[in-house]
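Hello,

Here is the structure I promised to pass on to you. Have a look at it first, and my notes follow below.

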Amino acid sequence: MINKKKYEYIITSEPLNLVEKIPAKFDLHWHHYNEILVYPPEASSRRKPVVLVDQTTYELKPGDALLIWSSEMHSIISNPDMVLMGIQFPPSILTDIPEFASFAHLFRSYHLLDADDTKMSGMSEYIQLKMKQILDIHKQKNSAERPAFL
């Protein structure tokens, strides 16, 4: 039986669910989508966001990205200045890419893309750049669909 308090069911016609401002707190939950949370490098906060993923706590700093895989229990312990942004997407987006499909399962062991880790910082920067581009496209699409008087 599914505990509905710990399960976030996302229904969307879009393949991506963008969240510009992650709430200050979000209870423990899981969902079928993969999720990437980013702390944009230009954002500043004296208090660092803290996220729990499968019993591991991550304190994020500007430039970090956090990967949360489908069905992993996670919560936003604190995001005091709401600096985190996120994107949720179906796992099939990764497995449908032929060049990526054969080793996509290897990424499940990764969560934190640390901006200070020279091996991971490039990936974190790339993810954040792509998220901003997607967000810009999403905003343009939504503003184009609104009537001019709004």
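The largest pocket holds about 560 Å³ of space. A pocket here, on a 1 Å grid over the protein atoms alone, is an open set of points where a 1.4 Å probe fits, with protein on both sides within 12 Å along at least five of seven lines, and lining residues have an atom within 4 Å of a point. Grid points are joined across faces, edges and corners, and the volume is the space filled by probe spheres set on the points. Lining this pocket are 24 residues, and Ile36, Phe89, Leu94, Tyr126 and Ile127 are the closest to its centre.

Before going further: this is a predicted model, in which local features need pLDDT of at least 70 and side-chain atom pairs count only at pLDDT 80 or more, while totals for chains, interfaces and linings use all residues. Numbering starts from 1 along each chain as its sequence is written, and side-chain values use heavy atoms, without hydrogens and water.

Which element gives the most to the lining of the largest pocket? That is α3, with 8 residues. At least two lining residues each come from β3 (34-38), β6 (65-68), β8 (85-89), α1 (92-95) and α3 (118-145). The lining has 20 nonpolar, 1 polar and 3 charged residues, where Ala, Val, Leu, Ile, Met, Phe, Trp, Tyr, Cys and Pro count as nonpolar, Asp, Glu, Lys and Arg as charged, and the others, Gly among them, as polar.

On the fold: the chain has 3 helices and 9 strands, taken as DSSP runs (H or I, at least four residues, for helices; E, at least two, for strands) numbered from the N terminus. An open, antiparallel sheet takes in 5 strands, in the order β1-β8-β3-β6-β9; strands pair if DSSP finds at least two bridges between them. Its edges are β1 (17-19) and β9 (112-113). Between β3 and β8 there are 5 bridges, and valine 38 has methionine 85 in β8 as its bridge partner.

Two residues in the loop between β4 (50-53) and β5 (56-59) may interest you. Aspartate 54 lies there and has a positive phi of about 45° without being a glycine; at 37% relative accessibility it is partly exposed. Glutamine 55, in the loop between β4 and β5 too, has a positive phi near 70° and is exposed at 79%. The classes are buried under 20% relative accessible area, exposed over 50% and partly exposed in between (1.4 Å probe, protein chains only). Of the chain's 150 residues, 38% are buried.

Best wishes
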